[in-house]
Amino acid sequence: MYSVLKGASYFLAHTPDMVIHNGTTQTTEKRLKPDSDYLKEISGGIRDYEACVAYPPNQVYIGNMTPEELAALPMPWYDKRVEAKRQGTFGEIMPEDEFIGMMKICDAFDLVKLNESFSKAVKAKLEAHPLMDNILLTGLDKFAAAGEIAEFVQNSGAEPIYLNGEVIGCVKAAHDIDDTLSAHVIFENLVSKSSCVLSILHLIHQTGVNKEEIDYVIECSEEACGDMNQRGGGNFAKAAAEMAGLTNATGSDVRGFCAGPTHALVQAASLVKAGVFKKVLVAAGGSTAKLGMNGKDHLKKGLPILEDCVAGFAVLISENDGINPEFNTDILGRHTVGTGSSPQNVISSLTFAPLERAGLKLTDVNKYSLEMQNPDITKPAGAGNVPEANYKMIGALAAMKGQIQKAELNSFVEKHGMFGWAPTQGHIPSAVPYLGFARQEMLAERIERAMFVGKGSLFLGRMTNLFDGISFVLQKNSGVSQADGITEARVQQLIAASLREFAGHLAGKLEE
């Protein structure tokens, strides 16, 4: 019995001050060219919260618009606005002050210091948030004097926290000499943890699952936490589970750069299918390092800085209920050590090869979800339309294998592909943004199967020149739940269905 997708949540926090003060592009510029024109102009290129919420790709990310509705809007999208809804089907877009408050709530070692006026104001706002409870809000009852915060920043290496250009708090270093516990790293890690926790809370709220029923959490961001003796020891998963109130859960972290979430989903689906755990949650927070990553190119071309949100997601995988879409772990694509690095080899190993082993064609997959990068962000930066390039490679592969005619390439891309809408934070756009929509489409019986492909750049760690990749197929439920078991009649039905499908493919090959 395959495990199933019970739900997916998506979270954004609009963090313009973190773009200026914490994004790697900006912090590097301050070190190398402190008087650069870019740093002087950046404040004028920052969007306000309303513009961020009304931005079409952001509304798709939280589920208020579909990928098809986004595709109907002519590009570029940065100068267009849709109805600005903070809450969406899958999650929300949180303003920066509330997200800073969440960082304080998620701080277990009293490293986040916030001034009194801000603490009281943000607590009043978060009290109205449907996911907050009194236990979480008590984290905002302790505050620091302005002079104390200034002392930490000026003399103890603390990282200042800005809101509307003013310092309202700081993040302290967790150790005097350990760079792994520096204020900068702790800041990054608390941002990742907080966005992960909020994604989990949204998922719990959407699915209605009892928190005590979650057995295992896998966290799959691109961050690392530890100290000088184990710099990436973890465990974000258990830290987030604790804060979200998942009292019966344990967990661990999975890393694989952009491919990490897909690796984590395959592992989670396998754990549930094997009966090791009944409910596994896969989640990831966002990255401050990637904020404003392409900001220079955006400002040069007259765009606002579009990478102004910290993102997160969470996915719940459970035993088969006979309703929700199934993770078909028998159809797995793998970029192995011997695959090679040519684009054709990479895409073939992750799409064509696993489908062929299952007796399927590339055209038998209704939708492919790969690197769902927002082209509004990547095209001005010279990276082109990443999803479209991937779909063209799959279409070209289908043509080369004789599954479509060359003249059908554009229609293949249009039918089986999508425009990207996700923030450029590595693991965030990598396949997972479509999970929520795919579940909706399968429950509505509009599509039968979708393939999710995660690809990673392992050479970024300077340990290997290899690429990475893994893929799986999500399919419409077969209609039998774990509780029902497999009867003899059902086995006969499945065999008959398989034979019909095989006969159809055989007939197609004979016609060719």
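On a 1 Å grid over the protein atoms alone, a cavity is a set of points where a 1.4 Å probe fits but cannot get out; a pocket is an open set with protein on both sides within 12 Å along at least five of seven lines, and lining residues have an atom within 4 Å of a point. This is a predicted model, in which local features need pLDDT of at least 70 and side-chain atom pairs count only at pLDDT 80 or more, while totals for chains, interfaces and linings use all residues. Residues are numbered from 1 along each chain as its sequence is written, and side-chain values use heavy atoms, with hydrogens and water left out.

**Exercise 1.** Describe the largest cavity and its lining.

Step 1: Count. The structure holds one cavity of 30 Å³ or more.

Step 2: Lining. There are 16 lining residues, and Leu 306, Glu 307, Asp 308, Ile 377 and Pro 423 lie nearest the centre of the cavity.

Step 3: Classes. The lining has nine nonpolar, four polar and three charged residues. Here Ala, Val, Leu, Ile, Met, Phe, Trp, Tyr, Cys and Pro count as nonpolar, Asp, Glu, Lys and Arg as charged, and the others, Gly among them, as polar.

**Exercise 2.** Do likewise for the second largest pocket, and find which element gives the largest share of its lining.

Step 1: The second largest pocket holds about 670 Å³ of space.

Step 2: Its lining counts 28 residues, with Cys 258, Glu 371, Gln 373, Lys 455 and Ser 457 nearest the centre.

Step 3: Two or more lining residues come from each of helix 15 (343-357), helix 17 (386-400), strand 12 (449-457) and strand 13 (467-475). Helices (H or I, at least four residues) and strands (E, at least two) are DSSP runs, numbered from the N terminus.

Step 4: Strand 12 gives the largest share, three residues.

Step 5: By class, the lining of this pocket divides into 12 nonpolar, 11 polar and five charged residues.

**Exercise 3.** Work out how helix 7 is placed against helix 8 and against helix 11.

Step 1: Two packed helices are described by the angle between their axes and the distance between the axes. Axes are lines fitted to C-alpha atoms, for helices over the stretch in contact, and angles run from 0 to 180 degrees between N-to-C directions.

Step 2: The axes of helix 7 (residues 96-105) and helix 8 (residues 116-126) come within 9 Å and cross at roughly 100°. Helix 7 is therefore roughly perpendicular to helix 8 (angles of 65 to 115 degrees count as such).

Step 3: In this contact (heavy atoms within 4.5 Å), helix 7 uses Asp 97, Glu 98, Ile 100, Gly 101, Met 102 and Ile 105, and helix 8 uses Phe 118, Val 122, Lys 125 and Leu 126. Six of these residues are nonpolar, one is polar and three are charged.

Step 4: Helix 7 and helix 11 (residues 183-207) pack at about 100°, with axes 9 Å apart, so helix 7 is roughly perpendicular to helix 11. Phe 99, Met 102 and Met 103 of helix 7 take part, with residues of helix 11 including Phe 187, Leu 190 and Val 191.

**Exercise 4.** Find where the cis bond from Met 75 to Pro 76 lies.

Step 1: The peptide bond from Met 75 to Pro 76 is cis, with omega near 0°.

Step 2: Pro 76 belongs to the loop between helix 6 (67-71) and strand 2 (91-94).

How values were computed:
Angles under 35 degrees count as roughly parallel, over 145 as roughly antiparallel, 65 to 115 as roughly perpendicular and the rest as oblique. Grid points are joined across faces, edges and corners, and a volume is the space filled by probe spheres set on the points.
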